[in-house]
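Please look over the sequence and the structure shown below. The paragraphs that follow lead from aromatic rings to helix packing and then to the chain as a whole.

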Amino acid sequence: MMASTHVARRGHALARPSRRRPGEGLRALLWLSPWIAGVAVFFVYPLLSTVYFSFHRYDLFTLEFIGLDNYRYAFSDPRVLQSALNTLWLVVFMVPAQVVFALGVAQLLAKLKSGGGILRTIFYLPSLVPMVAGTVAFVYLLNPATGPVNQLLAWFGIAGPDWFGSAAWAKPSLTLLALWGAGNTIMIFLAALLDVPRHLYEAAAIDGAGAWRQFRSITLPTISPVLMFSAVTGVIYAVQYFTQAVIASRVASGATDSAGTTFTPGYPDGSLLTLPQHLFHTGFRDWSMGLACVHALLLFAVAMLFTLILLRQFGKAEVTS
């Protein structure tokens, strides 16, 4: 009886929550302080400053409170709508195309028995090319008059389009450029595919599962974290798409920075005008910093919205699987 009482008391004592040691919270805060300082300085403060300046007419020299005038002007500006739709096109079409292409190439590389190392190098090399040089080279390759791509199509009796000179083909041409430079994504998917346990495929093959069934029931659930990472980072990259669109527009239009020449962003016909481009020209060409802050907040909201949608969809997929 006494032994059981002693055991019960001991169990009750063990069940009590352990008290925190003095200074434990301060020690944890000290370890977290570099991260907290970084987030405060490089995220929270710029975000709050952007919100503050968005209510002002600001040109780096004068600051005047104007309320919601910047927001009213931004949402009534047709250039903002056009650039937002172009950016949305890149998110909806370019990002899925790049993910699907990278996953397909990685699947082929994972199944190769010989020559896989050479092909991996070939597919990865374009991602090492600087963005400006790669974009310039791509525009010349797709030149409708002298480019080798249209000349090759002409040999087969196909009239090649005016790639970067046509509003209908400009964004698909940028998508081809993104697929050409998808080496990093391909290598990430390849590493994930090679990490899938082989015995799962062997067991599925014994049960009579075909290639598509194995891909849907084994490959996709196993690599879903990598798939989510690629989709989220792709959306963030597409929302911030700037360099390739600017260079492609300039080279295709023949514009230079020499005196007396002008360049309209988004050539041809505004089809390559993205929201970051419009933000840059509003803030650093027109010196309307307050209005540019509104564009920056719009970019932030769009990126957060698509990221939350993707995280929720992948979360549901993991629950159902």
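Tyrosine 52 is partly exposed, because its relative accessible area is 44%, and that class lies between buried, under 20% relative accessible area, and exposed, over 50%, as computed with a 1.4 Å probe on protein chains only. Phenylalanine 53 also counts as partly exposed, at 21% relative accessibility. Tyrosine 52 and phenylalanine 53 form an edge-to-face aromatic pair, with 5.4 Å from centre to centre and 65° between the planes. Rings of Phe, Tyr and Trp (for Trp, the six-membered ring) are taken as a pair if their centres lie within 6.5 Å, and the pair is stacked if the planes are under 30 degrees apart, edge-to-face if over 60, and tilted for the rest. The structure holds 12 aromatic pairs.

This is a predicted model, in which local features need pLDDT of at least 70 and side-chain atom pairs count only at pLDDT 80 or more, while totals for chains, interfaces and linings use all residues. Residues are numbered from 1 along each chain as its sequence is written, and side-chain values use heavy atoms, with hydrogens and water left out.

A further aromatic pair is made by phenylalanine 242 and phenylalanine 280, whose ring centres are 5.7 Å apart and whose planes stand at 70°, so the pair is edge-to-face. The pair links distant parts of the chain, 38 residues apart, since phenylalanine 242 is in the loop between α12 (224–239) and α13 (243–253), and phenylalanine 280 is in helix α14 (residues 275–284). Helices are DSSP runs of H or I with at least four residues, strands are runs of E with at least two, and both are numbered from the N terminus. Phenylalanine 242 is partly exposed, with a relative accessible area of 26%, and phenylalanine 280 is partly exposed as well, with 31%. Phe242 and Phe280 form one aromatic cluster together with Phe284 and Trp287.

Two packed helices are described by the angle between their axes and the distance between the axes. Helix α4 (residues 78–111) packs with helix α8 (residues 170–180) at an angle of about 35°, and their axes are 10 Å apart; axes are lines fitted to C-alpha atoms, for helices over the stretch in contact, and angles run from 0 to 180 degrees between N-to-C directions. The contact (heavy atoms within 4.5 Å) is made by residues including Trp89, Met94 and Phe101 of α4 and Lys171, Leu174 and Leu179 of α8. Lysine 171 lies over the face of tryptophan 89, at 5.9 Å from the ring centre, where a charge sits over a ring if NZ of Lys or CZ of Arg is within 6 Å of the ring centre and within 35 degrees of the ring normal.

Helix α10 (residues 198–206) and helix α11 (residues 211–222) pack at about 145°, with axes 11 Å apart. Their contact is made by Leu200, Tyr201, Ala204 and Ala205 of α10 and by Gln214, Ile218 and Thr219 of α11.

Glutamine 151 lies in helix α7 (residues 148–155) and is partly exposed, with a relative accessible area of 39%. Not counting residues up to four places away in sequence, glutamine 151 touches Ala145 and Thr146.

For the protein as a whole, the secondary structure comes to 15 helices and 2 strands, and buried residues make up 34% of the 321 residues.
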